[in-house]
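Dear colleague,

Please find below the structure that I am handing over to you. My findings follow it, arranged by region.

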Amino acid sequence: MAPLGEHHYALTTTWTGNRGTGTSGYRDYARDVTIGVEGKPDLLASSDKPFRGDSSRWNPEDLLLAALSECHLLSYLHACVTAGVVVTDYHDEATGIMREDGRGGGAFAEVTLRPRVVVADASMLEAAREAHRTAHEWCFIANSVNFPVTHEATVVAASRSD
């Protein structure tokens with residue numbers, strides 16, 4: 001029996017927020033970070049604004065939510081292809097709730113994905129709805145977190161103008 005695939009990922013995370021005195025005090029440094037993956041544009045990141053971060057940059061919470069949303073989207077498109085469903089549009093308005101624990105840490109409590117999907121024909125609606133369940137089972141990221149990732153999907157058929 002052939003072994004299952006094992007995939008390795010690498011990136012660099014470089015703190016760029018030293019204002020000249022390092023971490024000499026809580027307010028003395030920026031939370032700015034540059035995340036790099038070879039062959040891809042750098043991603044400018046920081047902590048979230050409530051944690052003294054730069055709100056114009058991606059924060060870890062944004063990145064986690066984005067990873068869950070994108071993973072579901074890509075898994076969904078694959079599930080639709082295998083089910084014979086033609087997707088013509090997909091838009092997700094994902095939300096997440098993170099709760100601080102009062103000891104300086106915290107955790108995500110839940111994420112809700114709200115994909116709005118348009119399929120080519122009304123005959124594909126049932127299979128398109130079912131494909132969300134398959135996509136959830138296939139999503140590597142959703143299978144890696146310890147909080148619920150739920151879906152409130154809307155699937156509609158493209159309107160015809162004939």
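Which residues does Ile-141 touch, not counting residues up to four places away in sequence? They are Ala-67, Leu-68 and Cys-71, where contact means heavy atoms within 4.5 Å.

Before the details, a note on the basis of these findings. This is a predicted model, in which local features need pLDDT of at least 70 and side-chain atom pairs count only at pLDDT 80 or more, while totals for chains, interfaces and linings use all residues. Residues are numbered from 1 along each chain as its sequence is written, and side-chain values use heavy atoms, with hydrogens and water left out.

Ile-141 lies in the loop between α2 and β8 (149-151); helices (H or I, at least four residues) and strands (E, at least two) are DSSP runs, numbered from the N terminus. With a relative accessible area of 30%, Ile-141 is partly exposed. On this scale, buried means under 20% relative accessible area, exposed over 50%, and partly exposed in between (1.4 Å probe, protein chains only). Ile-141 and Ala-127 are 14 residues apart along the chain, and their C-alpha atoms are separated by 23 Å.

The nonpolar cores

A nonpolar core is a set of buried Ala, Val, Leu, Ile, Met, Phe, Trp, Tyr and Cys residues joined through side-chain atoms within 4.5 Å. The largest one here has 13 residues, and those with the most contacts inside it are Tyr-76, Val-85, Val-117, Val-119, Ala-128 and Val-155. At least two residues of this core come from each of α1 (60-83), β7 (115-119) and α2 (125-138). The largest share, four residues, is supplied by α2. Apart from this core lies another, of ten residues, which include Leu-68, Cys-71, Val-111 and Val-149.

Val-119 touches, among others, Val-85, Met-124, Leu-125, Ala-128 and Val-155, not counting residues up to four places away in sequence. Val-155 is found in strand β9 (residues 154-157) and counts as buried at 9% relative accessibility. With the same exclusion of residues up to four places away in sequence, the contacts of Val-155 are Tyr-76, Val-117, Val-119, Leu-125, Ala-128, Arg-129 and His-132. Val-155 and Lys-49 are 106 residues apart in sequence and 35 Å apart in space, C-alpha to C-alpha.

The packing of α1 and α2

These two helices pack at an angle of about 125 degrees, with their axes 8 Å apart. Axes are lines fitted to C-alpha atoms, for helices over the stretch in contact, and angles run from 0 to 180 degrees between N-to-C directions. The angle makes α1 oblique to α2, since angles under 35 degrees count as roughly parallel, over 145 as roughly antiparallel, 65 to 115 as roughly perpendicular and the rest as oblique. Residues of α1 including Ser-75, Tyr-76 and Ala-79 meet residues of α2 including Ala-128, His-132 and Ala-135.

The strands

Three strands form an open sheet in the order β1-β2-β3, with antiparallel pairing; two strands pair if DSSP finds at least two bridges between them. β1 (12-15) and β3 (43-45) stand at the edges, each with a single partner strand, so one side of each is left without a neighbour in the sheet. Strand β2 (residues 33-36) pairs with β3 over three bridges, and Val-33 has Ala-45 in β3 as its bridge partner.

Strand β5 (residues 95-100) and strand β6 (residues 106-113) also pair in the antiparallel sense, over six bridges. Ile-97 has Glu-110 in β6 as its bridge partner, and Arg-99 stands opposite Ala-107 in β6. In the hairpin of these strands, which has five residues between them, Gly-102 takes a positive phi near 85 degrees. β6 and β8 pair in the parallel sense over three bridges, with Thr-112 opposite Thr-150 in β8.

Two loop residues

Asp-32 is found in the loop between β1 and β2 and is buried, with a relative accessible area of 16%. Its contacts include Thr-14, Trp-15, Asp-54 and Arg-57, not counting residues up to four places away in sequence.

Arg-52 is placed in the loop between β3 and α1. Arg-52 has a positive phi of about 70 degrees although it is not a glycine, and it is partly exposed, with a relative accessible area of 37%.

Yours sincerely
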